[in-house]
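Reader: Can we go through a few local features of this one? Show me the model and then we can start with the strands.
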Amino acid sequence: AGPSHAAAASDFDDASAFMSPPRRRGRGGGAEAGRVGGRGGRGGRGGSDDARPTRRDMNWLTVHGGTGIPEADLDGFIEQYGQNNAAGRGYKVAGSRWRQGPRILGSADGSRMDVRLYRCKFQNCGHMLRVEKAFGFCCVKGSTSLGFTHNDHIEELDHGVPGQIRALLSPTKLEMQPKKLRAYLRMQLQTKRGKTVEQARDEVTRLRDPLEAYQKCAKRRKSKERLGDAGRGTFGGLSVICEKLEVAHLKATNDFHAHKAFICGEPLIVPETGKVTLAISTENLLLNAYRQSVLGLPSLVCIDTTHRLVHEGHCCMPVGTMSPTQHFHIIGYGICSHEDAEAHKYVLRQLRDAVNTVVADRAARKERV
């Protein structure tokens, strides 16, 4: 056999130039390089000083108002925080379950807090939230380390509506007609994003089909929230909607005001005959009838019925009054499936009783009528 490596190496001034450690497969120089770079284990990434920090090096900082949050209010806080800091996308849970965290300071029995992570849903955004739960209260912290902060929140998607466009869409804007919504977005991109007329037009035109699909999904989601378990297009679903538009329910949910539409009286729904009749109005519209009557002139009530205002084909019955200046003022609307004398009598009766109720309630509270 030939001479050993050590003997051969003695012929050189630098023995280490000949003897090299055995190479290991893996990126960045193997396990030793990985440990130098801060990512231990086999085949770690390169050993540069600016390597991306691990989860243990995120420098968590408590967000504004993120202390002492009851566990029941945590989801609402995360949603609101996402609307303020990641509008259009928000945050999602990074992991389905709570995991054990560090020990709770001052705990006599050595109890540990529960920890859960949330990740920003914007494309390539590394910002994360850490929620620490102890004794039913939560503390929310945000990552501040390099690589785990917010990016510019500009997405480039092959399909779907980007997050920067969703941030411009409120629930009321999603109810607009598609053509009007596209015109609104073009104006917003010019004023808020600094795009030219051509750039805004091209971007909105490219998103035409995704925007219409997004509007349909939002409409179905809103309908599902309103109906609950009741089916869409059924008498049960209609009854659920009418119950949520009653004055008692609106006041219980703190959603009642002078311009909030509600059901006047008891809706007439007969599933056996397929007959539906109900009256809808607001306090401000109902007061039009009373204000006209106190002018000393007899009220001239005008009623018209059309089948073109409701997609399902029910006839809509606007009821209003004429002022001395020949202006038409709406009192309320009737929705009915059969345009007959009974439907007209029912709607007028419900609106009359609602006017008397509103005037009496405001007089009792000494409010302006």
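Author: First a term: two strands pair if DSSP finds at least two bridges between them. Keep in mind that this is a predicted model.

Reader: Fine. Which strands does β12 pair with, and over how many bridges?
Author: Strand β11 (residues 301–303) runs antiparallel to β12 and is joined to β12 by three bridges. Strand β13 (residues 328–336) also pairs with β12 in the antiparallel sense, over eight bridges.

Reader: What is the bridge partner of V301 in β12?
Author: T321. On the β13 side, V319 has G332 as its bridge partner.

Reader: And the hairpin of β12 and β13, how many residues between the strands?
Author: Five residues, and Q326 takes a positive phi near 65° in that hairpin.

Reader: Is β12 largely enclosed or open, and why?
Author: Largely enclosed by the rest of the structure, because eight of the eight residues of β12 (residues 315–322) are buried.

Reader: Which residues point which way from β12?
Author: C315, M317, V319 and T321 point one way, while C316, P318, G320 and M322 point the other way. All of them are buried.

Reader: Changing topic. Where is E367 found?
Author: In the segment after α12 (341–364).

Reader: Buried, partly exposed or exposed?
Author: E367 has a relative accessible area of 38%, so E367 is partly exposed. Buried would need under 20% and exposed over 50%.

Reader: What does the side chain of E367 contact?
Author: The side chain of R365, through a polar contact of 3.0 Å.

Definitions and conventions
Residues numbered from 1 in each chain as written. Predicted model: local features only at pLDDT ≥ 70, side-chain atom pairs only at ≥ 80, totals over all residues. Heavy atoms only, no water. Helix = DSSP H or I, 4+ residues; strand = E, 2+ residues; numbered from the N terminus. Buried < 20%, exposed > 50% of the residue type's maximum accessible area, 1.4 Å probe, protein only. Polar contact = N/O pair within 3.5 Å; in protein donor to acceptor, adjacent residues only side chain to side chain.
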